[in-house]
Amino acid sequence: MTETNMYPPKLEKIIHLFESLPETERRETLVSYADNARKQEPRPGEKFVLEDVRKDEECADTVGVYLQVDDEGKAHFRMTLGPEVQTLTRAMTAILCKGLDGRTPQEVLELPGDFVTRIVGTELVRVRSQTIYYVLTRIKGICKVYLDRQRMAEVA
Amino acid sequence: MTTAPMQYAHPEALVDADWLEKHLNDDGLRIVESNEDILLYDTGHIPGAVHIDWRTDLQDQVIRDYIAPDKFAELCSRNGITRDTTCIFYGDKANWWACYALWAFRLFGHEKVKILNGGRDKWKAEGRPMTREVPKYPQTNYPVPKKRLDQEIRAFADEALAQSKAGKPLVDVRSPGEFKGEITHMAEYPQEGVLRGGHIPGAKSVPWKTATNEDSTFKPANELAKIYFEGCGLKSGTDTVVYCRIGERSSHTWFVLTYLLGLDHVRNYDGSWTEWGNKVGAPIEKSA
């Protein structure tokens, strides 16, 4: 598989956008995505096949991940973020909900994580750098649970 | 025994939000934001505030150390700071990084430093003005400091060890779980980067948070005196070394002991637990 088709098209577009930006504009764009993180919250009446709301050590506050799988088997994600969640995590939430929308849970699970630093850039990677992978880990986690349950249902 | 003071030793080292809001445009004053959240300044800050990042601005990018004096002069010059500028620091996390930046400024001998009591969270919670406009100030020509005050306000690992062996005051400001060695980082953070848990032998546990109120402001002088003088046995005229994990929480306690309680020789061991807990042969206690 070549690098060009390794990522879903929506995500690849976002990666290319960030890679083309100078550092100042990269920061501004991340902040802009962070501002839009609340738009990823569940909307009234939406139903989900799985909900995973918890606070764990990799993140400063509670993060909720909500998975919807449509009739074609495509995944759609919603997320809720506590007030203490850091700006970079908020940005990754908006980026990933948009970039992974419409992929199958299996495709999301197989997605390599190396694109995260291509979006965030080396300047913003810190000692606590694994926090930038947190949202991706949570999204992959809920997909894994979904797929495990599907397999168990098939066996039963 | 030290008498409990009724007021801070250096009340001028604190400003409150009301005062700052009325003096945002004063000459000779520079507001400095310093945060743990790397992008927080970009999302909005106090009008006129500049951003100083603890790692990219204050630390050497290769060696684990602070920038050299000439780099500090450059940092101040590009932020329009002169030797006479009063720098008012504030930030997230109850001012951890603000205190860290203030301590680093003191390391280079900058004298006019203050903390915004309550920090960024209180300012924002009170609905005070915020902006995304990044200010530009005329370049100054900050003189290169002749030296860093490493001897005066900073402790290194061998000095912390000597402090431990001599039975002199060592204050561990981390959480109780870190002090006991049950975890190597604050509970809500990834437990990375340190091979051993525990504390420096002889250190007393006084978590940084005991010095603050719920709104992140500092407790009054008499309460601080009870905690540190009566509870921890600290007193003037004795060397005191404070430490945490990477030196930011201990900067907060360093500020409390130095400016609010007026202790005269407090040093921050900024290598802290990420150095001590990885150091081959360093003695460690794991008692409660």
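Q: In this predicted model, which residues do ring pairs link into a cluster?
A: A pair of aromatic rings is described by the distance of the centres and the angle of the planes. In this predicted model, ring pairs join B:Trp54, B:Tyr66, B:Trp97, B:Tyr100 and B:Trp103 into a cluster, and over all chains the structure holds 20 aromatic pairs.

Q: How many degrees lie between the planes of A:Phe48 and A:Tyr66, and where in chain A does each of the two residues lie?
A: The planes of A:Phe48 and A:Tyr66 are 50 degrees apart, with 5.3 Å from centre to centre, and the pair is tilted. Because A:Phe48 belongs to the loop between H2 and strand E1 (50-54) of chain A, while A:Tyr66 belongs to strand E2 (residues 63-69) of chain A, the pair ties together parts that are 18 residues apart in sequence.

Q: Why does the pair of B:Phe72 and B:Phe108 count as stacked?
A: Planes under 30 degrees apart count as stacked. The planes of B:Phe72 and B:Phe108 are at 10 degrees and the ring centres are 4.3 Å apart, so this pair is stacked. The pair links distant parts of the chain, 36 residues apart, since B:Phe72 is in helix H2 (residues 69-78) of chain B and B:Phe108 is in the loop between helix H3 (96-107) and strand E5 (113-116) of chain B. Both B:Phe72 and B:Phe108 are buried.

Q: Over which rings do the charged ends of B:Arg30 and B:Arg174 sit?
A: The charged end of B:Arg30 is placed over the ring of B:Tyr137, 3.5 Å from its centre, and that of B:Arg174 is placed over the ring of B:Trp273, 4.5 Å from its centre.

Q: At what angle do helices H1 and H2 of chain A pack, and which residues make the contact?
A: Helix H1 (residues 9-20) of chain A packs with helix H2 (residues 23-35) of chain A at an angle of about 140 degrees, the axes being 9 Å apart. On the side of H1(A) the contact is made by A:Ile14, A:Leu17 and A:Phe18, and on the side of H2(A) by A:Arg26, A:Thr29, A:Leu30 and A:Tyr33. Sorted by class, this contact has 5 nonpolar, 1 polar and 1 charged residues.

Q: Is B:Pro201 buried or exposed, and which residues is B:Pro201 in contact with, leaving aside its neighbours within four places in sequence?
A: B:Pro201, in the loop between helix H7 (176-180) and strand E7 (204-205) of chain B, is buried, with a relative accessible area of 16%. Leaving aside neighbours within four places in sequence, B:Pro201 is in contact with B:Ser164, B:Leu170, B:Pro283, B:Ile284 and B:Glu285. The C-alpha atoms of B:Pro201 and B:Glu285 are separated by 5.2 Å, although the two residues are 84 residues apart along the chain.

How values were computed. Residues are numbered from 1 along each chain as its sequence is written. Chains are lettered from A and ligands numbered from 1 in the order in which they are written. This is a predicted model: local features need pLDDT of at least 70, side-chain atom pairs count only at pLDDT 80 or more; totals for chains, interfaces and linings use all residues. Side-chain values use heavy atoms; hydrogens and water are left out. Axes are lines fitted to C-alpha atoms, for helices over the stretch in contact, and angles run from 0 to 180 degrees between N-to-C directions. Helices (H or I, at least four residues) and strands (E, at least two) are DSSP runs, numbered from the N terminus. Contact means heavy atoms within 4.5 Å. Ala, Val, Leu, Ile, Met, Phe, Trp, Tyr, Cys and Pro count as nonpolar, Asp, Glu, Lys and Arg as charged, and the others, Gly among them, as polar. Rings of Phe, Tyr and Trp (its six-membered ring) pair if their centres lie within 6.5 Å; planes under 30 degrees apart count as stacked, over 60 as edge-to-face and the rest as tilted. Buried means under 20% relative accessible area, exposed over 50%, partly exposed in between (1.4 Å probe, protein chains only). A charge sits over a ring if NZ of Lys or CZ of Arg is within 6 Å of the ring centre and within 35 degrees of the ring normal.
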